[in-house]
Amino acid sequence: MPLLLITGLYVGLESLPLPRRYEYVGSKLILALIILVMMYFPAKVVVLALRRAGQQNPSLLRITQPAAFVVRTLFGVLGTIIFLGNMGITLTAVWTTLGVGSVAVALALQETLSNFFSGLYLLADRPINPNDYIKLDSNQEGYVLRIGWRSTVLRTLGNNYVVIPNSTLAKATVTNYSAPESRMSYSIPVGVVYGTDPMLVEKTLLEAAQEAIQDGLEGLLTQPEPSVAFIPGFGDSSLNFSLSLQIRQFTDQFPVQSDLRKRIIRKFQAAGIEMPFPTRTLILDKSSWGNLRGGSDS
């Protein structure tokens with residue numbers, strides 16, 4: 001259709017007796033349409049190729065839209081330059097103005113451009129994805145709602161939004177609790193008093209975990225099975241154990257550990273296992289004890 005339109009305009013200009021002014025305007029209109037077609041169809045081919053690549057490789061699908069925008073912009077600028085050159089407009093002054101203006105714009109939009117290119121990096125490299133639960137080294141954490149060109153939005157467990165500039169996110173150390181899979185291991189530290197049989201402690205902790213699995217505790221996985229280790233071991237006032245579990249996702253740790261702690265307390269009470277509190281033993285020599293006794297007598 002564009003080619004037929006250009007052909008019709010050309011035939012009309014050649015066959016109709018028009019004033020010179022209209023012939024000039026018509027010729028420039030045809031030139032503009034030809035340049036438009038020359039720029040439009042290659043840009044369309046490149047955009048279609050990008051979309052086809054995104055359909056064949058889903059990992060590229062997220063960057064096809066910004067890449068298509070860049071391709072259209074480049075071809076549009078190129079077509080404008082060609083048209084202005086054929087119109088007899090000297091581009092030296094334009095390039096000088098654009099050069100100075102681009103420097104000023106780059107300085108003014110430094111943060112915006114940084115966020116934009118960081119957004120492209122996040123879309124291409126995919127360290128995070130929507131619906132992932134992440135935590136930054138600055139302690140912001142939450143579910144990823146969307147990754148925009150300027151910022152990334154998180155939804156916290158308190159159902160609030162945290163808007164993080166892409167440049168900040170790209171430079172941050174990010175822990176992704178949803179990758180490589182949402183399932184994760186979790187350890188519950190447990191301490192008992194010195195003198196307690198470690199084998200009895202391990203047996204009791206495993207019984208509490210198995211009981212929770214049999215009761216169908218939401219978020220607690222059956223495989224791999226729970227395990228107990230005498231780690232970190234000897235503490236200042238307690239023997240310290242770790243009950244290791246597999247949970248479905250990061251947010252399941254809160255109800256799981258709350259339920260298991262209540263089961264552990266009940267099991268320890270039934271088995272006669274005591275949980276310690278910090279204690280200190282003071283050993284006084286005879287002179288110190290005598291001074292204390294003398295002070296108390298006076």
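What percentage of the 298 residues in the protein chain do buried residues make up? Buried residues account for 29% of the 298 residues, where buried stands for under 20% relative accessible area, exposed for over 50% and partly exposed for values in between (1.4 Å probe, protein chains only). The model is a predicted one, in which local features need pLDDT of at least 70 and side-chain atom pairs count only at pLDDT 80 or more, while totals for chains, interfaces and linings use all residues. Residues are numbered from 1 along each chain as its sequence is written, and side-chain values use heavy atoms, with hydrogens and water left out.

The secondary structure of the protein chain comprises nine helices and eight strands; these are DSSP runs numbered from the N terminus, with helices being H or I of at least four residues and strands E of at least two. The chain exposes about 19,400 Å², and 61% of this area is supplied by carbon and sulfur atoms (Shrake-Rupley method, 1.4 Å probe; for residues, only the protein chains shown count as cover). Of the contacts between residues at least 6 apart in sequence, 62% join residues at least 24 apart, a contact being heavy atoms within 4.5 Å.

Aromatic rings deserve a paragraph of their own. The structure holds seven aromatic pairs. Rings of Phe, Tyr and Trp (its six-membered ring) pair if their centres lie within 6.5 Å, and planes under 30 degrees apart count as stacked, over 60 as edge-to-face and the rest as tilted. Tyr-133 and Tyr-143 form an edge-to-face pair, because their ring centres are 5.0 Å apart and their planes stand at 80 degrees. Tyr-133 belongs to strand 1 (residues 133-136) and Tyr-143 to strand 2 (residues 141-147), so this pair ties together parts that are ten residues apart in sequence. Both tyrosines, Tyr-133 and Tyr-143, are buried.

Tyr-133 also pairs with Phe-250, this time stacked, at 4.6 Å centre to centre and 25 degrees between the planes. Phe-250 sits in the loop between strand 8 (239-247) and helix 8 (253-271) and Tyr-133 in strand 1, so the pair ties together parts that are 117 residues apart in sequence. The relative accessible area is 2% for Tyr-133, which is buried, and 10% for Phe-250, likewise buried. Ring pairs link Tyr-133, Tyr-143, Tyr-177, Phe-250 and Phe-254 into a cluster.

Turning to helix 6 (residues 166-171), Ser-167 is found there. Ser-167 counts as buried, at 8% relative accessibility. Leaving aside residues up to four places away in sequence, Ser-167 touches Glu-111, Ser-114, Asn-115 and Ser-118.
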